[in-house]
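I opened my notebook today to look around a protein, one place at a time. Come along and keep the model turning on your screen.

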Amino acid sequence: MCGIVGVTGTDNSVSILINGLEKLEYRGYDSAGILVNDSESNNHLVKQTGDISNLKKLVDNKVKGHSGIGHTRWATHGGVTVENSHPQFSNDERFYLVHNGVIENYKELKQEYLSDVNFKSQTDTEVIVQLVDKFVVKDGLSTKDAFKKAISLLGNSSYGFLLIDTEDPETLYVAKNKSPLLIGKCDGYNVVCSDSVAMLNETKTFMEIEDGDFLIVKPNSVFVEDKNGKEVTRDTFEVDIDPSEADKGTYPNYMLKEVDEQPNVMRHLASKYLDQDGMPVIDKKLLDDINKSDRLYIVGAGTSYHAGLVGKALFEKMVKIPTEVVVSSEFAYADPLLPNKPFFIFLSQSGETADSREVLSNINKKGYSSLTITNVANSTLSREATYTLLLEAGPEISVASTKAYTAQIALEAILAKAVGISINNEKANNFDIKQQLGLVATGMQAVIEEKQQIEEIANEYFVKANRAFYIGRGIDYYVSMEASLKLKEISYVQAEGFASGELKHGTIALIEEGTPVIGIISQDKTAGLTRSNLEETAARGAKIITIAKQSIAKDGDTFIIPDVDELLTPLVTVIPAQLLAYYTSLNKNLNVDRPRNLAKSVTVQ
Ligand code: F6R
């Protein structure tokens, strides 16, 4: 989704902004722009639709800056045009603003305060910059007071704002509510960004900003006021990521790199969260809080929701607490009937998903405990939950989530084992998680090495397909949902993950000559039934593909997956599905890492 960068106090401003925007490309965007102000107080505004490469063509050596702001826009209000891209500016060209989020009452504000102003764009953002200008130029407020006044009118809107007053261009005005924003502290200059990845080449020291904060950032100082107008200091933290981890190196794209990294992510989780004897090392207070609860809720969206479904099986088998998995955007507004002692587990790669955050804000108001499992330290969901467990999978740049999904499941398994042994659960006691994660890593590697065969199947079955089905039962059904999401989002093949027994109750009507149907078969108890359901589709013309666990595989199975514990098979059965989606997208000449219409970090509801 939209990305923000800003800098003040260095003549390298243009390259810092452009590099920062390039690092944010993975979030998804459809236009980009920068405003820089050079040492002679000239403003240079450059905006363009499409890729950053389009923008770079317009940034010639006359575009110089000592401070500036930049933005990648993912259109919400108004189409993809240069006029609607950011920075937005006031009609007198004094104020420039970039914004992430949604201003809910922008139409009302326009009517009430700005009926005499000619607007150049359809954006909610332009309303705010025109409002600041009006409060300064017509009402005589200082820029600080005008900006604060504008913010006070925004109700419950979400925003990360970065404003520049070109009469004092070294001063950046910053405000945040429900949209991520960080300050990066550099030597003699400062930067602002919506994701630390954008500025890792400049600094590793970042300052958290809280909702409702207002900041004034200068080259050598950062002033912060909290939502009550009180001056405060905010903690800084170090981001322990080597900038090269966020590069794709020799890979043709990030998704392939991230798929390949999964065996190592498994090994790393085992070494981080298990001791030498393979026993989980997890905060005892967290385990006690989970044990005290009478129902677990796993909250997530998209792929994280799918990882939560596997988590339900893990927790119910090893912890014996009823577990519900909920889609965050639905649960936030469902007014659910909660038991006496619920415990909430948030799954989120980015830690910034607005839908999930809405649920967390609601449950925090009610005083319930929660855990966030995320890949991003200091992310909003991590800061606002009672506990955090980090995936430490390394930056996931490709929009399609792969290693975060498998890391979430592996960490859920470690947690379920930890809680399970604390209550002496037999399955948990016997579950050798260390050995299993080792088997999983080797099993993943074996599948990854079959890339060529997977690419051939993708070409034969999917590249020309309009529609496909993944089917399975139980845990295999959960993986089917994730597998079909991967195929849909990057290869644009309409795909559905289906409970295999449910097909004959209606959906089988969609099977026609040549429809690919992929059966996931990893559970002894249901393997025969899923095979029968596959036969039913074959009888109606479907082309059958199977992903089967070795010990129950049959002659003619397409992909045979090494055996791992039945609860952990999703970690391996998902790999061919990720690669099938990957090769389908690649061989359709689509943009694998940045599929159309999608954003990596979904910070609006
Ligand atoms: C799909 C995908 C999305 C995300 C979803 C939640 O590949 O990545 O479905 O899983 O937008 O994002 P996070 O996990 O960041 O909360």
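**Entry 1: ground rules**

I am working with a predicted model, in which local features need pLDDT of at least 70 and side-chain atom pairs count only at pLDDT 80 or more, while totals for chains, interfaces and linings use all residues. Residues are numbered from 1 along each chain as its sequence is written, and side-chain values use heavy atoms, with hydrogens and water left out.

My helices (H or I, at least four residues) and strands (E, at least two) are DSSP runs, numbered from the N terminus.

**Entry 2: the ligand**

Which residues are closest to the ligand? I found 15 residues surrounding the ligand, and the closest are S304, S348, S350, T353 and E489. To be near here, a residue needs one heavy atom within 4 Å of the molecule or strand in question.

Next I looked up polar contacts. A polar contact is a pair of N or O atoms within 3.5 Å; within protein, one must be able to donate a hydrogen and the other to accept it, and residues adjacent in sequence count only if both atoms are side-chain atoms. The side chain of S304 has an N or O atom 2.6 Å from an oxygen atom of the ligand. For S350, a polar side-chain atom lies 2.6 Å from a ligand oxygen atom. S401 uses its backbone: a polar atom there is 2.9 Å from an oxygen atom of the ligand.

S350 sits in the loop between strand 18 (342–348) and helix 11 (354–365). The side chain of S350 also reaches the backbone nitrogen of E352, at 3.1 Å. Is S350 buried or exposed? S350 has 9% relative accessibility, so it counts as buried. For the cut-offs, buried means under 20% relative accessible area, exposed over 50%, and partly exposed in between (1.4 Å probe, protein chains only).

**Entry 3: helix 9**

Helix 9 covers residues 302–318. I checked the length with a simple rule: the expected span is 1.5 Å times one less than the number of residues. After helix 9 comes K320, with a positive phi near 60°.

**Entry 4: empty space**

Rolling a probe the size of a water molecule over the atoms shows where empty space is left. On a 1 Å grid over the protein atoms alone, a cavity is a set of points where a 1.4 Å probe fits but cannot get out, a pocket is an open set with protein on both sides within 12 Å along at least five of seven lines, and lining residues have an atom within 4 Å of a point. Grid points are joined across faces, edges and corners, and a volume is the space filled by probe spheres set on the points.

How many cavities of 30 Å³ or more does the structure hold? I noted four. The largest cavity has a volume of about 80 Å³. Its lining includes C2, H71, W74, H86 and D124. Strand 4 (67–73), strand 6 (95–102) and helix 4 (124–138) each give two or more residues to that lining.

I sorted residues by type: Ala, Val, Leu, Ile, Met, Phe, Trp, Tyr, Cys and Pro count as nonpolar, Asp, Glu, Lys and Arg as charged, and the others, Gly among them, as polar. The lining of the largest cavity then has two nonpolar, eight polar and two charged residues.

The second largest cavity holds about 50 Å³. Among the residues lining this second cavity are M1, C2, W74 and T603. Its lining divides into four nonpolar, four polar and no charged residues.

The largest pocket holds about 800 Å³. Of its 38 lining residues, V239, I241, N375, V376 and A377 are closest to the centre. The lining of this pocket has 16 nonpolar, eleven polar and eleven charged residues.

**Entry 5: backbone angles**

Most residues other than glycine have a negative phi, and most peptide bonds are trans. I found a cis peptide bond joining H86 and P87, with omega about 0°. P87 is in the loop between strand 4 and strand 5 (88–89).

S41 has a positive phi near 65°, and S41 counts as partly exposed at 48% relative accessibility.
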